[in-house]
Amino acid sequence: MKLTESLSFRNVTGHGARSLILVILTALMAASVVCGTLVVSSLRTGLEALEARLGADIMVVPASAVSKHNFENIVLQGSKGYFYMDRSYYDKVAAREGIEKISPQLFLASASSGCCSVPLQIIGYDPETDFTVSPWIKKSAGGELKDLDVVVGNDLSVFVGNTITFYGVTCNVAAKLDKTGTDLDTAVYTNMNTIRELIRSSVELGMNEFGKIDPDNSVSCILIKVADGYSVDEVLNDLNLHVRRTKSFKTKDMISGVSDSLIGVSDLIGVLIAAVWVLGLVILFLAFYMSVNGRKKEFAVLRTAGASRKKLSGIVMTEALMITLTGAVSGIMIGLLIILPFNGLIEESLGLPFLLPSLPTAFICAAFALAVSVGAGMISAAFSAYRISRIDTGLILRGDN
Amino acid sequence: MKITAQGAGKDFIRQSAGTNRFTAVQPTDIEIEPGKLTLLMGRSGSGKSTLLNILSGLLPPTTGKVLYGNDDIYAFDDVKLSDFRNIHIGVIPQGQTAIQSLDVIGNICLPYMLKRDTELKSVYPYARELMERLGISHLESVMPAELSGGELRRVAIARAMIRKPDAIFADEPTCDLDDENTALVLGLLKETAANGTSVFVVTHEKDALTYADVSYRMDSGKISSEKPNR
C-alpha cells in the first residue's frame, strides 16, 4: 500500500489547518534547538581555536604598556595596537627557572594597505624559537617563511600567491591561517627580518614613529611554555616578583573571561531551549489530546471496521511522526539558513570567539534537534495514543444514542 | 456462519453513582442463523444496541459467551478479534460514523485500508456497485462534511458490506432515511441475508418486521420472541 493510501496520511492531509499549525510549532522548536546548539558549539570551537592559537602558558608584556584590558584586546582580539620593551627583559625572563620554551613577538600596526580597507595588526615572530605561530604556519604553508613572506588571517580578502603591501614593501602571501572566530583572523604574521624591513621602510616614508624602535633590541610580548615539574602559577609568581617593569599573565586566566562569557551564553541558550521544548511539549500534548478526543467516534468506527487497539495507537503515533518529522526537518533547514549566512553578524553581536563547527559536529547538532523535536511530538502523542487504545467501542457507540 | 450467544449479559456501573450496578442485558441465549434476517425491536434504552455490540464483538459481555461457529470470539486476543471483525463482521453503527478525512469511496473501502491485504483499486468496482444500489454513486469523491444524514447512513451500510462478511449487524440502519430509501436499505439487507449472510438488525421501525425471517423484542434487557408480521 502506498503512503498516500494510509489512513494516517489522509488524516494529516485531510485536517490541513490543524496539521499546519502543529508543523509550524515543531519547526519553531527544531529551529530554536538547532540554532542554540550550533551557537554554543561555535562558541566552544572558537574558544578551542583561540586556546590552540595562543599556545603559550604565560605571556609577559611591558608593565608600562599594560592596562590588562588593552593587552587582552591586542593579544586575544587582534585589535590594532603596539607596545615595546627592551630585549634585555627577554634575557631576564629566559634566565628564570621553570621555562621550557620562550619566544618573543613584536607588534606593528599598519596604516591602510593596498589590500585592506581597515588598518591591521602585524605580528612579528622569531621562527628559531617560536612555538605558537609556527605550527599553524607549517600546517598552512607547509614550511618555514622566507623573508618578505607573510601569513594572513582567514578573514583577509587575499589569497595564497597574492602580494600585499605594507609601507611600500610588497610581501608575498605564503599561507592563510585557519579561522579562529576572533579578530586574530584579520592579523598578519611574519618573521623578524620582514618586520625590520617594514620598520625601515615606514621610517623612510615618514609614515610613523617606528623609527624609535630597534627590532633587534625590542620585543612586545614574550611567550612562555612552562617546563614539566613546574606549575604555571609558580613560574608566573616568580616572573612577576623578579622581573620588574614587566607584567606576566597566565593565558588561561586571560581567556577565562571569554570562557566565563561562553558558559553564560551557553547556560542562557540552554535555558531558552529547555523553555521552548517544555512549552512545545505542552502545546503539542494539548493539541494531540484535543485532536484525538474530538475524534473518539471516528476511532470507535475504526474499531468496528477491524482496527485493533495497537492499530489505533499506531495511527495516532504515525500521524504525530509525520507532522513532527515534517516540522523538525523544516525547522532545521530554517535554523541552518539563519546560522550559516549570518554567523559573522552573530560573532559581532556576541563579541566572543565564534567558529562554526566541523560538518560532522553540525550534523550532530541537526540530528540532536531532530531527535529532540520529534521526541517531544512523540511523547506528547503517546498519552493520547494510549488513551485511545483503551476506548470501549461499545460504550462510545452506545453513548451516541 | 451461525452466531450463538450463550447466557450473554451485560452489567454497567453508573459513573455518577459509584457502585450502582445496573443490568443492560440480562443473560441471553440467542442464535443468529446464516441466510436469515434477524430483527430485534424494542424501546430506546431497552438494551438492543448493547446486545448488538456484544454479538458483534465490540463489547465483552459480563456473563456468558458469543460463539461464531464453534469459536468463542471473546477468548481471542484483541489483535485476533479485530482481524476477525475486519474479515467476518460488518457493523452499521448508530448515528453519523464517517471518517472525516476520507471521501465517500475511501470511507466505504475503510476495512480494506485497515487490513492492507488488497489493492484498494481492485475493490473499487464492488464499492461502486454498492453505491449504485444505495443511490449514492454520484457522491464517490465527496467528503463527509458535505453529505446529508441519510447519505452518511448509506455510506456506513456500504462500508459494512464491502468485505462481503459472514455477519452484518445494523443498529437502526434506517433512522435517517425516507420511506423510499428505508425500503431500499432493508431490501438490500434482506437480499444479503438470502445470499447466506447472518444479518441482525436492531430497529424500532415496525415496517422492518415485513423483512424479518426471525424477530425478537427486548424490554428492560430481557429478550423475547416476536412473531414476524408477514
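Helix 1 of chain A passes helix 10 of chain A in a right-handed crossing, meaning that the near helix is turned clockwise from the far one by less than a right angle. This is a predicted model in which local features need pLDDT of at least 70, side-chain atom pairs count only at pLDDT 80 or more, and totals for chains, interfaces and linings use all residues. Residues are numbered from 1 along each chain as its sequence is written, chains are lettered from A and ligands numbered from 1 in written order, and side-chain values use heavy atoms, without hydrogens or water.

The axes of helix 1 (residues 7-14) and helix 10 (residues 309-339) of chain A come within 9 Å and cross at roughly 55°.

Nine strands of chain A form an open, mixed sheet in the order 6-7-5-8-4-3-10-1-11, where pairing takes at least two DSSP bridges. Strand 6 (163-166) and strand 11 (246-250) of chain A are its edges, and the twist averages 35° from one strand to the next.

Two helices of chain A touch these strands, with contact meaning heavy atoms within 4.5 Å:

| Helix (chain A) | Residues | Angle to strand 3 (chain A) |
|---|---|---|
| Helix 4 | residues 87-94 | about 160° |
| Helix 6 | residues 192-205 | about 25° |

Angles run from 0 to 180 degrees between N-to-C directions, with axes fitted to C-alpha atoms.

Notes. Helix = DSSP H or I, 4+ residues; strand = E, 2+ residues; numbered from the N terminus.
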